[in-house]
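Keep the picture at hand as you read, and take the points in order.

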Amino acid sequence: MSDRLLRPLVAVAMLLAAALPAGAHVGSPNVFYDGSAGPYPVRVIVRPPVVIPGLAEITVKLGDAKADEVTVQPIQWQAGTKGAPPPDVAAPVPGAPGVWSAQLWLMIGSSYGVRVHVKGPAGVGEVLVPVTAVPSRVLEMKQGLGVVLAALGLFLFAGAVTLVVSGVRESALPPGEVPDERQRTRARMAGIVAAVLFALALWGGRSWWDSVKARARENLYKPFHVTSAARLAAGKPILALTIEDERTRDWSPLMPDHGKLMHLFLLREPGLDAFAHLHPVRQDPNRFVAALPPLPAGTYRLYADVVHESGFAQTLVDKVTLPAAPVAGAQAATEVPPDPDDSWRAVEPLAPRAVLGPKVAMLAGGGTLLWHQEPLAVNREVTLRFEARDPEGRPLPLEPYMGMLSHAVITRNDGQVFVHLHPMGTINMAAQESFAAKAGMAGMPGMPGMDHAGQAPASTVSFPYEFPQPGRYRIWVQVKSGGQVRTGVFDAEVGKP
Amino acid sequence: MESVVETVAARPRVETAAALPWYLTAMLAGSTSIVIGLLWDISWHMTIGRDTFWTPAHMAIYLGGVLAGVSCGALALKTTFAGTAAERGASVSFWGFRAPLGAWVVIWGAFAMLTSAPLDDWWHNAYGLDVEILSPPHSLLGAGMITIQIGAMLMALALQNRAPAGEGRALGLAHLYATGIVLLMAATLITEYSYPNHHHGGLFYEIACGVFPLTLVSVARSSRRRWAATTACAFYMLLACSMVWILPLFPAHPKLGPINTPVDHMVAPLFPLLLIVPALAVDFLVQRREGKRAGWRDALLIAVAFLVLFLAVQWFFSELLISPAAHNWFFASDRHWEYSSTPGPYRHQFWHPDTDPLTLRSLGIALALATVSSGTGLWRGSGLSKVQR
């Protein structure tokens, strides 16, 4: 092998070191955290791999804060800090002051906490960013690579057959002797036999490859299977959701996030003109019920966010039809009281085309929400910033809604993207607290808690996000003021960069 | 067995040494570098986990491939365009070029290794970084490596066979050394099925009986040296033991998680299989047929001897290997567990007693495979003993 042959190997190594894209939630894989690591304000972006084991891309943005060193460390749930590999030192990104990047191998499908450690003039600070690592895609071979590999394979096949022919024809001849016709014929016969045997070996290899591919497809992450239906309970409409999945026996139990075991969202098809954010209560280990608010009849996409004690967050998906009058036959005797934090909103359907100009949404209960929109494009990191105003145009003082200043839901019109996020990002807070407790970081400065008492009233909220695919999106932004949850609805068109 | 049977002429014993030609030295050095690099790389993955293209283990593998491939390429060019009549006469033609058969086999192996690289890279991206030894791209890489080693073996064999009677001692040893490397490669490729904890199960013996008699019988039949299979196994054990003893001397820590076994030195390969014991019987039985035809009855006899001796040795030796008595530098049974494996009593137990017991059926399958493997070895060995180019 000469340099000519080495070059492709070098290229392969460089490809191996390259980043891989990621997967989680529904079609919105990248993880964002806006908060602090001790004295340092940070934005952490984790782009998990789509295959496991695979490389996660970590970006740490410190803004104007100076740091001497940033390290990142993957902490797998079962192994904890004791079984974590040593931290990796992130590298400052040239030309981007305050931005550091690193890659981390996530070796098993599981929940991880990425511990970000910042050291600088202000001291040291740490934060844990929960990440769910699951295989989400099986890569298909591109035609170009397929052609190259097929050509190489053909070359090897022809070479192997020629080896047999040459060997049988000449290798046993005394030096200098020319093969006679009998030896040539024998060699040709051996070549035919070898070709058949090599073809069989190739066929076996192909079968092996197919079985690996089938297994990889089988192992792709799928959220728990759920069924849902509208019912009557004590004469009032309820939504019943049942988790029907054998994996529930092996997985760790659910734990509350923002004080609720489940955050369930209903989005009416096809115009996404009705929305509800409900909090079903558990009636038995796998059955949840929620009082249904007065939503218009129709077919709704159902997304239920849950988090396991292992920090593994899932979005369970189903479709449910809400009739004008729920079926009376399946009536339950016990009344299901509505959760005080339930909220809903019905508005105009998603506009057929993007609306240009200022983005202002009327808030139910009075006031407006103004979107200070940045240019949107696929995979472009943006800060979605919204300003709440009262009917007189003055800043509207916001209160925590389930522990957060705001909740937002983003979905694409075809339902292939869904994410529930907060000003602190897309991370699951319960998972973060759980990992932090396991890592002995609970209560340390910079770790968020449920108690927002003492915060100055704010009227502006922002969400870090990156639209994962092009298309038409609808965004619901929920804030609370005067004890009332107010939901603003926005539409967005996201194109390719 | 007519097609399998060949007559091997009785050959005079060779005692005098002959120097090795440069290209054979390069091929043997390349083969050694590849197999050392492979064991080192496996240990690297089990200890440190994370690697790059530039790890010393990878460099050893590529260096071996480059050394052997470039040497044989140069030999082919020289023989084709500037070879003497004797050199061209001792070569075979390949797509218009000329070189000894062993050189072409090595070149093919180098191209197979090269082809496996982009396929393996794509494989990692498509299905995740594979943590098992046996995957289709790894098999292609392994085929390339083992082909280079077979090429070195063929080259040594052809030179040995052309050497005048009474000469070629070094060439004969080179042939056996190359065979030892092939045995080590084969043993490495079946590592996932050959932990000592497998040695009371049926599958391990079925695989071993399918794989090893072919090479042992073939080398015993084709070598001019007596006790050829035994010597090849000695080379195999020497190389394998060297890695078992040397690798754990180097401190190293995992750089991937989860770390369930906190290793602090390079993980050792498995202690080699005691193939040398059945190899003695193989040599003895093959010697009995020296200069005579050998048939399926001989293959069956060799297979029975191989299976009985291999089973007897590994059955009891594995009991030692999984016991605390083997927790030392020599056997290194406490040092071959990778960082991600969870400690537990399974390490001191025989695995799959319910699903993979050693039964009469599995012994029958092992014997059938050993017979086919031995018969093929007799046939191939007879053919190899005639290789001149």
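Helices (H or I, at least four residues) and strands (E, at least two) are DSSP runs, numbered from the N terminus. Read along the sequence, chain B then follows the pattern α-α-α-β-β-α-α-α-α-α-α-α-α. This is a predicted model, in which local features need pLDDT of at least 70 and side-chain atom pairs count only at pLDDT 80 or more, while totals for chains, interfaces and linings use all residues. Residues are numbered from 1 along each chain as its sequence is written, and chains are lettered from A and ligands numbered from 1 in the order in which they are written.

**Chain B: make-up and shape**
- Chain B has 11 helices and 2 strands.
- The C-alpha trace of chain B spans about 65 × 45 × 35 Å along its principal axes.
- The radius of gyration (taken over C-alpha atoms) of chain B is 21 Å, which agrees with the value near 21 Å for a compact globule of 389 residues; the globule rule is 2.2 Å times the number of residues to the power 0.38.

**Where chains A and B meet**
- In chain A, 53 residues are in contact with 49 residues of chain B; contact means C-beta atoms, placed from the backbone, within 7 Å.
- On the side of chain A that touches chain B, α2(A) gives the largest share, 12 residues.

Note on methods. Contact = placed C-beta atoms within 7 Å.
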